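Subject: Structure handover

Hello,

Here is the structure you asked about, with its sequence. My notes on it follow below.

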Amino acid sequence: MSQEETRPNQHAWSDVDKAPDTQAFAAYLDTLRGLDAIAEYKRRSIERLRLKPGQRVLDLGCGTGDDTALLAAAVGPAGGALGVDFSGAMVDESRRRWLNKGLPLSFEVGDVHKLDLPNDHFDGVRADRVFQHLAQPTDALAELVRVTRPGGRVVVSDPDWGTYILDAPPTPAVLKYHDLAQRQAKNPWIGRQLYGMFRALGLVELEVTVSVTTFTDLNVLERLGNLDAGFITAVQTGQLTEAEVGAVKRVLRERQDAGRFFGSVNIYTISGALPEAVSAP
Ligand SMILES: C[S@@+](CC[C@H](N)C(=O)[O-])C[C@H]1O[C@@H](n2cnc3c(N)ncnc32)[C@H](O)[C@@H]1O
């Protein structure tokens, strides 16, 4: 069994266009954006760019472009926001939602590992829940730094799946479920790694915020698909039997019916600035 087969389908975010139903990915992003904790860390991650009217800003891995639209509003007509995403379907969706709305923005397909963008170009660059899915996250951060001007700001937000928990008795099946769910995505521990990555690239004025996203409605998790994707993969790879999955789901449903369902995952937002260019004496 390959390691890839043991992971729930957060893995699909690395190449959305290969999925049979790309609209489901847009719906997933819309559902998440509706959660208070998600809206809160997003607001903070945009604030940390400290954008001013007239500036140029990049939203890397823009998804449906909703955040790109907020960035465009912040820099105003004299500035511009660019949304870049690896997925053509996501870029199409962004354009459908946000072009012709009078905002200074555009969207392009691109890979963060190799951006077709000039050096020192943007005043602010952000990537929101993208680094967990990247093959080479360190190279990708270096690429974000390359396209940011001296003194410009870089902000990255990502979960750390090692912090993902659901309240259920620690039976062997529940422990196995957590073990699998805590390893979802290519880089499940990226949240705790970002600070060191920013330091290693010489970014300054680092700030870290941890947001706890809580889930108190099992139906929301089911709608997101995370829960079932984890269970399906667990069964397909022989790590849980159908009976064990049934038992875990029953406990979670009992919690929900009793109004005490609870789960959480931490999302880390790291921001920093490129050192100002030193002018020659
Ligand atoms: C979980 S979504 C987050 C979307 C958006 N930032 C948000 O917060 O709603 C991750 C996005 O990163 C994009 N992505 C994945 N790998 C990428 C890469 N190598 N370069 C650029 N975008 C990538 C995916 O296509 C997807 O739209």
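Predicted model: local features only at pLDDT ≥ 70, side-chain atom pairs only at ≥ 80, totals over all residues.

E205 lies in strand β6 and has a positive phi of about 55 degrees, although it is not a glycine. Most residues other than glycine have a negative phi.

D120 also has a positive phi, near 55 degrees, and is likewise a residue other than glycine. D120 is found in the loop between β3 and β4. Is D120 exposed or partly exposed? With 14 C-beta neighbours inside 10 Å, D120 counts as partly exposed.

Now the sheet. Seven strands form an open sheet with mixed pairing, in the order β3-β2-β1-β4-β5-β7-β6. Why is one side of β3 and of β6 left without a neighbour in the sheet? β3 (105–109) and β6 (204–215) stand at the edges and each has a single partner strand, so one side of each has no neighbour there. From one strand to the next, the twist averages 15 degrees. Helix α5 (residues 137–146) packs on the sheet, where it touches β1 (56–60), β4 (122–128) and β5 (148–166). The direction of α5 makes about 150 degrees with that of β5.

The part of the sheet around β2 can be followed pair by pair. Strand β2 (residues 80–85) pairs with β3 in the parallel sense over five bridges. On this side, A81 has L105 in β3 as its bridge partner, and V84 stands opposite E108 in β3. β1 and β2 also pair in the parallel sense, over five bridges; here R56 has G80 in β2 as its bridge partner.

β1, helix α3 (residues 66–75) and β2 make a right-handed β-α-β unit. β2, helix α4 (residues 88–98) and β3 make a right-handed β-α-β unit as well. Five of the six residues of β2 are buried, so this strand is largely enclosed by the rest of the structure.

Last, the core. Which residues touch the most other members of the largest nonpolar core? They are V57, L58, L60 and L144, out of 62 residues in that core. β5 gives the most to this core, with six residues. Leaving aside residues up to four places away in sequence, L58 touches L82, V84, F122, V125 and V147.

Regards

Conventions
Residues numbered from 1 in each chain as written. Pairing = 2+ DSSP bridges. Helix = DSSP H or I, 4+ residues; strand = E, 2+ residues; numbered from the N terminus. Axes fitted to C-alpha atoms, helices over the stretch in contact; angles between N-to-C directions. Contact = placed C-beta atoms within 7 Å. Core = buried A, V, L, I, M, F, W, Y, C linked by C-beta atoms within 7 Å. Buried ≥ 20, exposed ≤ 12 C-beta atoms within 10 Å, placed from the backbone. Right-handed = clockwise from strand over helix to strand, strands pointing away.
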